[in-house]
Number of protein chains: 2
Amino acid sequence: MHVFGVDIGGTTVKIGRFTEDGNIKNKWEIPTRKENDGELILQDIADSIHREMGINDIGASEVIGIGIGVPGPVLENGVVNGCVNLGWKQKDVTTEMQELMHGIPAYVGNDANVAALGEYWKGGGKGFNNVIMVTLGTGVGAGIILQGKILAGTNGAGGEIGHFHVNDEETELCGCGKAGCLEQYASATGVVRMANKVLNTTDKSVLKDLSNLSCKDVFDAAKEGDPAAASVVEQLGKTLGTALAHVSATVDPEVFVIGGGVSKAGQIVIDVVQKYYKKYAFHATENAEFKLAVLSNDAGMYGAVKMAIDGNAK
Amino acid sequence: MHVFGVDIGGTTVKIGRFTEDGNIKNKWEIPTRKENDGELILQDIADSIHREMGINDIGASEVIGIGIGVPGPVLENGVVNGCVNLGWKQKDVTTEMQELMHGIPAYVGNDANVAALGEYWKGGGKGFNNVIMVTLGTGVGAGIILQGKILAGTNGAGGEIGHFHVNDEETELCGCGKAGCLEQYASATGVVRMANKVLNTTDKSVLKDLSNLSCKDVFDAAKEGDPAAASVVEQLGKTLGTALAHVSATVDPEVFVIGGGVSKAGQIVIDVVQKYYKKYAFHATENAEFKLAVLSNDAGMYGAVKMAIDGNAK
C-alpha cells in the first residue's frame, strides 16, 4: 500500500510517496503557483500524484490516503481558515483534494503541527508520546503532540509560542503587531536583530567586520568565545528557556525537539536553552529531554503521511 | 443508575451520590484520617459509600462507578504518584478502591484536573469543549480540558501554571523552592504579600488600619478606589493576564473559568485579568472568554462523577 505526503510551502510543494510503515519510496518538488488566489495549487498537486501513480502502475485502491500540510490554521473539520502566503481565503482543502483524487481520502493539518507529527513519528521525538517540536526559523513556532495526536487548538493557534509576550521594554514591533514577542529574540531574524543592537554598544567583536550579518555568523563567533556574540546567544537561551518552562508547566511533555535554521548551530543551542529551562521549570518537569530535529525539510512530508495513516485507521 | 463522586482533601473527604446525567441526590463529608500514612482513607470512603448504598437499597449492579479526585499527581494508569498532604507514597488507588468496593469500577484523577472537568461539565465551562479552569486560592493551579478530556501531562504536571517564572527580580522564595513564580502574585496569599509590600512604601491607604490583612480586604479597598490596593490588583492582573496569554498561545482554549478564594471578589478579577490578557495575547486567541466558576467546593465531586461516567463509556 502507498501513502502520499504533501508539504505546501510558499515557493515549492514537497511531495513524497511512502509505504504505510513510513519508508520513503520517492520524493520530488513542484512550484507553488500562487496566481489567481492560489487556485491552481491543489490541481497541480493532484496532477503530480496521478502522474506518479501512472508511472509506477499504482491503482487508487492501493493508496491509503494523502496527507497535506498547509502554512495556515486548519479547523478541526479539515477546512483551512485562510492562508495568506498561498492567497487562500477559507478553503475546504480536504473535500477539494478528495474530489480531485476521485475519492482517495485526504487529511489536512497546519504545517508546523504536521512537521511536529513527523519528528514524533520518525525523527527526534521517536519513542516518545508527548512531544513539542520547536522550530526556530524566520519566526518561532511549535507543534504539540500529546498521546501521539496533534493539539490544534480552538482557533488553530495551538503552539503559537513565538508570540509569548516576554519583554515589556521592547520598542520594536513584532510581525504580529505587538511588541516584546519571543520570536523577536529566539528566531534567526531575532538573533541578527539582537546582535546588531549589541554591536552598537561595543567595539570589541569579530562580528564588527562582517557585512550582512547572519544568525550563523553570530553562533560561529559565540563558539569562538566572542563576548558580544555570546551575550546574544545567552539572551536567546534565557527567553526561549523560560518560555519552554511555561510550556512544560502547561502541557508537561516528555521531550522538546528543536529544529529550524537556528538549530543548525547544533548542541550550543540545546545547551543554552536547557540551562535556563532547568533554572525556571517547575520541578516535576525539570527533566524533560531536549533533542535536535533530524528530518530537516522532510519533516512535513513524514508528518503528512502519519496523519493520513492515523486518519485512515479511525 | 448511580455514580459516586469523591473529592479527597487534606481535612475532609467530600462524597456525593449522583444520577448518571449529573443530578446530585445526596452529599456529605467524612474526616480525612491521615494517621499511619493515610492508610485508613480509602477504607473510610468505601465504608461510607457502602452505608449510603445500604440506606437507599442500591445494589452494586446499579452503580456505574466511583470517581475520585486526589490532591497529588496521578499517572496515566490511575496510580497516585505520591500525595504529601495525605501521607501517601506511590499508591494504586484505582485498584485498591475497586477491591474495597468488590469490583465497582473506580477512576482516579488529580483534584485540580477533576475540578476543571466538573466546571466544564456543569459549571462555568458548560457548553465549551476546550476549557481552562484556573484556581486562585492559597496557590495558583489550573486544570486543562481539551475536547472534553483532562490533559494530565507526562508527570501529572499539566496545568501547573502557578509555577510559571514571571519575575527575575523576586527575592522571596515560592513554596516550590524557586523565586518569582506566578502564585507569589496571583494567589490569595500572594495578594496579601504584595499588599504588605506596598503598605511599607505609603502612608495613604485604608488598609493601614487593618490587622491581619486578608485578600478580601485588598479587593474591597480596591473597589472603593484605594490606590495602594488598586496597584496590587493591577499587579495580579498583569502577571496572571500575561501568563494566561501564554497558556492560550500553547493550547488555545475557548474559555478560562476563574475559581478559588480570590475569585469571590467577582467581576473585578475577570476585568483586570482580561485587560492584560487582551493586551498580550496572540491575536488569534484574543477573544477567549473569561467566566467565573460556579460550582465552588462541589466542582471536584461533579468532575469525579463525569470522570467515572466517561471511563465507563470507554
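A cavity is a set of points, on a 1 Å grid over the protein atoms alone, where a 1.4 Å probe fits but cannot get out, and its lining residues have an atom within 4 Å of a point. The model is predicted: local features need pLDDT of at least 70, side-chain atom pairs count only at pLDDT 80 or more, and totals for chains, interfaces and linings use all residues. Residues are numbered from 1 along each chain as its sequence is written, chains are lettered from A in the order in which they are written, and side-chain values use heavy atoms, without hydrogens and water.

**Exercise 1.** Identify the residues that line the largest cavity.

Step 1. The count comes to one cavity of 30 Å³ or more.

Step 2. About 50 Å³ of space lies in the largest cavity, a volume being the space filled by probe spheres set on the points, which are joined across faces, edges and corners.

Step 3. Chain A lines it with His163(A), His165(A), Cys176(A), Lys178(A), Ala179(A) and Cys181(A), and chain B with Lys279(B), Tyr280(B), Ala281(B) and Phe282(B).

**Exercise 2.** Describe the contact between chain A and chain B.

Step 1. With contact taken as heavy atoms within 4.5 Å, 42 residues from chain A and 42 residues from chain B take part.

Step 2. Four salt bridges link chain A and chain B; the term requires a side-chain nitrogen of Lys or Arg within 4 Å of a carboxyl oxygen of Asp or Glu.

Step 3. In one salt bridge, Lys178(A) pairs with Glu286(B), with the closest N and O atoms 2.7 Å apart.

How values were computed. 1 Å grid on protein atoms, 1.4 Å probe; cavity = no way out; pocket = protein on both sides within 12 Å on 5 of 7 lines; lining within 4 Å.
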